[in-house]
Amino acid sequence: MTLAPARPADLDPRALALAVADTRRAGSLTFLVGGHTLTYRADGDEVLESDVPDGETVVRLEPGAWQDLVAQLRTPINLLLAGSLTFERGGFDQLAAWDRVLRYLHAGFPPYTPRDLQGRDPAATMTLDDSDEELRQQLETVGYLHVRGVFSPEEMAAANAAVDELAAQARPHDDQSWWVGTDDGDKLCRLVYSTLRSAALKAIEQDPRLARLGRLLDSDAVVTADRMEGSAVLIKVPGQTQGLSNIPWHQDCGMGGHAILCPAVSIGIQLTGSTAGSGNLLMVPGSHGQTLPYQWHNRSDVPVVEIDTAIGDVTVHVQDVMHASPKPTGEGGRRTMYVTFYPRTLLDHVGPGEAFNDLVRNRTAEVAGLA
Ligand SMILES: [Fe+2]
């Protein structure tokens with residue numbers, strides 16, 4: 001028996017050559033799974049496989065974890081944090097450097113190249129007057145949309161009042177919110193499952209304008225108010241913070257779950273609007289469905305688009321487009337309500353309280369309680 005999954009039938013040697021170009025410096029990589037061995041070794045533009053355990057990096061994992069890795073259900077960082085893999089030689093940096101090759105060979109995800117945007121402007125703004133087809137093409141091509149003026153200032157004022165109410169009730173470790181440490185004490189940075197506690201926010205979650213945008217790629221997609229943190233409200237805290245207020249570059253499936261989450265579509269309702277000063281969203285256009293090199297953000301050849309918004313605008317992004325929510329350069333305070341449309345089959349896999357973030361949030365509370 002060989003551990004190596006079948007390679008994609010339509011494997012493009014140029015794509016493999018691009019993937020392996022960043023991997024070569026990491027040396028060879030061996031997986032030890034149960035009684036089986038698989039070693040990957042870069043050889044020119046090719047990747048050779050053998051069952052000799054002579055990799056410069058050697059990773060041991062259980063058969064179930066290996067299957068999850070190959071099936072794009074769990075990622076290397078997920079397995080590492082869960083204690084589901086151990087290194088007999090080498091370390092995480094070497095494994096992560098192989099990720100582009102592994103994702104291509106295991107699942108056909110090509111390495112990132114600046115995608116042909118077919119003449120589309122990645123900084124374009126759309127409106128609800130654009131046709132579904134026009135919106136869909138922009139979303140499919142670029143990986144995100146910026147739609148202006150979806151909600152009125154009055155609607156956003158009502159939503160902000162509802163957020164004020166929930167924020168006043170929120171407490172650290174209440175399992176309904178996320179907090180960050182600052183020099184002035186703990187500050188609220190996210191309300192989760194917000195529409196289970198607020199009729200006003202529930203009305204926004206169920207608004208037909210969002211349903212239209214959220215179902216551009218999948219007409220059967222569902223909103224999960226009681227799972228996957230439901231509809232959350234992000235609040236950008238200014239200054240130095242400890243915790244998850246500023247989110248570095250990521251794909252929303254970066255901790256795992258790509259095979260069941262994607263192509264979910266997240267809609268960010270701009271309750272306050274956003275700038276670099278209040279905290280905005282950064283995108284790598286056309287990066288969805290592709291894998292960027294490990295630590296790519298230290299390189300200058302990847303285009304980045306900064307999305308500034310007005311009150312009532314919405315952003316729409318495919319979950320595996322590369323994006324970031326950086327530290328506000330000024331006063332902070334951006335508020336964005338996120339409503340996500342998932343493939344209906346997600347309901348078969350993730351029940352209430354079973355999302356990755358639920359587990360992290362619950363463990364944070366446990367740890368705080370022990371302390
Ligand atoms: Fe995200």
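Q: Which residues form the nonpolar patch on the surface?
A: The patch is formed by Leu-81, Met-255 and Phe-356, which together have about 290 Å² of accessible area. Patches are made of residues with over 30% relative accessible area and no salt bridge, where nonpolar side chains (Val, Leu, Ile, Met, Phe, Trp, Tyr) are joined within 5 Å and like charges within 9 Å. The areas come from the Shrake-Rupley method with a 1.4 Å probe, and for residues only the protein chains shown count as cover.

Q: What sort of model is this?
A: This is a predicted model, in which local features need pLDDT of at least 70 and side-chain atom pairs count only at pLDDT 80 or more, while totals for chains, interfaces and linings use all residues. Residues are numbered from 1 along each chain as its sequence is written, and side-chain values use heavy atoms, with hydrogens and water left out.

Q: Okay, back to Met-255: where does it lie?
A: Met-255 lies in the loop between β11 and α10. Helices (H or I, at least four residues) and strands (E, at least two) are DSSP runs that are numbered from the N terminus. Met-255 counts as partly exposed because its relative accessible area is 36%, given that buried means under 20%, exposed over 50% and partly exposed in between (1.4 Å probe, protein chains only).

Q: New topic: which residues coordinate the iron ion?
A: His-250 through NE2, Asp-252 through OD and His-323 through NE2 coordinate the iron ion at 2.1 Å. Donors are N, O and S atoms within 2.8 Å of the metal (3.2 Å for Na, K and Ca), and sites may look incomplete because water is not among the atoms.

Q: Is His-323 buried or exposed?
A: His-323 is buried, at a relative accessible area of 3%, while Asp-252 is partly exposed, at 26%.

Q: What about the open sheet, in which order do its five strands come?
A: The order is β3-β2-β1-β4-β5, and the pairing is mixed. One side of β3 (46–50) and one side of β5 (85–89) are left without a neighbour in the sheet, because each of these edge strands has a single partner strand. Two strands pair if DSSP finds at least two bridges between them.

Q: In which sense do β1 and β4 pair?
A: Strand β1 (residues 29–33) and strand β4 (residues 57–61) pair in the parallel sense, over five bridges. Within this pairing, Thr-30 has Val-58 in β4 as its bridge partner.

Q: How many salt bridges does the count come to?
A: The count comes to 19, where a salt bridge is a side-chain nitrogen of Lys or Arg within 4 Å of a carboxyl oxygen of Asp or Glu. One of them joins the side chains of Glu-49 and Arg-7, at 3.0 Å from N to O. Glu-49 lies in strand β3 and Arg-7 in the segment before α1 (13–21), so this pair ties together parts that are 42 residues apart in sequence. Arg-7 and Glu-49 are also linked with Glu-46 in a network of salt bridges.

Q: Which residue does Arg-60 form a salt bridge with?
A: Arg-60 pairs with Glu-88, and their closest N and O atoms are 2.7 Å apart. Arg-60 is in strand β4 and Glu-88 in strand β5, so to speak of distant parts of the chain here is to speak of residues 28 apart. Both are partly exposed, Arg-60 at 35% and Glu-88 at 48% relative accessibility.

Q: Last topic: which peptide bond is cis?
A: The bond from Cys-262 to Pro-263 is cis, with omega near 5°, and Pro-263 lies in the loop between α10 and β12 (265–270). Most peptide bonds are trans, and most residues other than glycine have a negative phi.

Q: And what is the phi of Gln-118?
A: Phi of Gln-118 is near 55°, a positive value in a residue other than glycine. Gln-118 is in the loop between α5 and α6 and is exposed, with a relative accessible area of 60%. Met-228 also has a positive phi, of about 55°, although it is not a glycine, but Met-228 is buried, with a relative accessible area of 17%.
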